[in-house]
Amino acid sequence: MKEIFGNGDGNGSGGVRRSAPPAPAALAAKVRTLAPSMTRSMQRVAEAVAGDPAGCAALTVTGLAELTGTSEATVVRTARLLGYPGYRDLRLALAGLAAQQQSGRAPAITTDIAVDDPIADVVAKLAYDEQQTLADTAAGLDTAQLGAAVSALAGARRTDVYGIGASGLVAQDLTQKLLRIGLIAHAHSDPHLAVTNAVQLRAGDVAVAITHSGSTGDVIEPLRVAFERGATTVAITGRPDSSVTQYADHVLTTSTSRESELRPAAMSSRTGQLLVVDCLFVGVAQRTYEAAAPALAASYEALAHRHRNVPR
């Protein structure tokens, strides 16, 4: 396959998206992503299976219900929310996850960053959390939805990307990447401009909303307008059951590491969002290689003089 970057710095909307059950390695990521939106009883089931996969894999649905102080119906609902058709499929995944942990491949859990932590510990903890977020996002990413989003972006007449705050920075990153390969793209962090631009979209255009919570009104509103105008819509969010997804043709779910006072959601969500953006960009560049490669070369050349004869 040709190299692209050698020199450079589903369908439907508003409904339930069904895909293959997550692999065992994705189970813990699913629990971390979905736990905030679960009921407390479902959280107890999810925390139990993620915390002791080997022990729970040996339990019947009745046994797990008794262990967690819930009901068999709650156990089955939790399994389905995590992406498994039923409890039997969840038990198989738990057995697989237990085998991985026994082989030594499962990471240890670190503690939160403390105010008096030495800087070396801060670096180590942040590095671990970033790695975990990337691994969780990759494990939980629906590649069918990703491929559909890539196809839409590759063929779009125009792409608008919406994001506020830290997500706005990620929106700018996606936009500049698409511009570098010759595509028309705009990032909007001003909610008024976002809506007035969304009104101009139509079939053949793409709108991308980036919101970790999935409930940011200033991002949801322009996506809704774009959706109603017939544009293909994509949501990048950490909450696959949130409000933004009802206006999204394709949903790409990110994960985050554990939040703390010194590591808020804006920091932890950004890592997963940037991975998804990079996956989208590489996918689009592959699909449009014949046009993308010359565009990249032209952009490198246009900026090359800025890196020459730099005073040392």
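**Getting started with L27**

Tutor: Happy to. Let's begin with L27, which touches L82, Y84, L90, L94 and L97, leaving out residues up to four places away in sequence. Keep in mind that this is a predicted model.

Student: Thanks! Where is L27 found?

Tutor: L27 is in helix α1, which covers residues 27–34.

Student: And is L27 buried or exposed?

Tutor: L27 counts as buried, because its relative accessibility is 0%, and the cut-off for buried is under 20%.

Student: How far apart are L27 and L90?

Tutor: In sequence, L27 and L90 are 63 residues apart; in space, their C-alpha atoms are 9.0 Å apart.

Student: Okay, on to helices. How do α4 and α5 pack?

Tutor: Helix α4 (residues 61–68) packs with helix α5 (residues 72–81) at an angle of about 100°, and their axes are 8 Å apart. That makes α4 roughly perpendicular to α5, because angles from 65 to 115 degrees count that way.

Student: Which residues meet there?

Tutor: From α4 you have V61, T62, L64 and A65, and they meet E72, V75 and V76 of α5. Sorted by class, the residues of this contact are five nonpolar, one polar and one charged.

Student: What about α10 and α11, at what angle do they pack?

Tutor: About 10°, with the axes of α10 and helix α11 (residues 217–228) 8 Å apart. They are therefore roughly parallel to each other, since the cut-off for that is under 35 degrees.

Student: Which residues make that contact?

Tutor: On the α10 side, P191, A194, V195 and A198; on the α11 side, D218, E221, P222, V225 and A226. The contact of α10 with α11 has seven nonpolar residues, two charged ones and no polar ones.

Student: Switching topic: how many salt bridges does the structure hold?

Tutor: Six. One of them joins R157 and D205, with the closest N and O atoms 2.9 Å apart. That pair links distant parts of the chain, 48 residues apart. R157 sits in the loop between α8 (143–154) and β1 (159–163), while D205 sits in the loop between α10 (191–198) and β3 (206–210).

Student: Of those two, what is the accessibility of R157, and what is it for D205?

Tutor: R157 is partly exposed, with a relative accessible area of 38%. D205 is buried, at 0%.

Student: What does R158 pair with?

Tutor: R158 forms a salt bridge with D160, and their closest N and O atoms are 3.1 Å apart. Both D160 and R158 are buried.

Student: And which residue does K177 meet in a salt bridge?

Tutor: D278, at 3.5 Å from N to O. This pair also links distant parts of the chain: D278 is in helix α12 (residues 265–287) and K177 is in helix α9 (residues 166–180), 101 residues apart. D278 is partly exposed, with a relative accessible area of 33%, whereas K177 counts as buried at 15%. There is a network here too, with salt bridges linking D173, K177 and D278.

Student: Last topic, the nonpolar core. How many residues does the largest one have?

Tutor: The largest nonpolar core has 29 residues, and I181, V208, L252 and L280 have the most contacts inside it. At least two residues each come from α8, α9, β3, β4 (232–237), α12 and α13 (289–304). The largest share, six residues, is supplied by α12.

Student: Which residues is I181 in contact with?

Tutor: Setting aside neighbours within four places in sequence, I181 contacts F281, V284, A285, T288, A291, A292, A295 and L296.

Student: And what does the second core include?

Tutor: That separate core has 22 residues, among them M42, A48, V75 and Y87. You have already seen V75, in the contact between α4 and α5.

How values were computed. Residues are numbered from 1 along each chain as its sequence is written. This is a predicted model: local features need pLDDT of at least 70, side-chain atom pairs count only at pLDDT 80 or more; totals for chains, interfaces and linings use all residues. Side-chain values use heavy atoms; hydrogens and water are left out. Axes are lines fitted to C-alpha atoms, for helices over the stretch in contact, and angles run from 0 to 180 degrees between N-to-C directions. Helices (H or I, at least four residues) and strands (E, at least two) are DSSP runs, numbered from the N terminus. Angles under 35 degrees count as roughly parallel, over 145 as roughly antiparallel, 65 to 115 as roughly perpendicular and the rest as oblique. Contact means heavy atoms within 4.5 Å. Ala, Val, Leu, Ile, Met, Phe, Trp, Tyr, Cys and Pro count as nonpolar, Asp, Glu, Lys and Arg as charged, and the others, Gly among them, as polar. A salt bridge is a side-chain nitrogen of Lys or Arg within 4 Å of a carboxyl oxygen of Asp or Glu. Buried means under 20% relative accessible area, exposed over 50%, partly exposed in between (1.4 Å probe, protein chains only). A nonpolar core is a set of buried Ala, Val, Leu, Ile, Met, Phe, Trp, Tyr and Cys residues joined through side-chain atoms within 4.5 Å.
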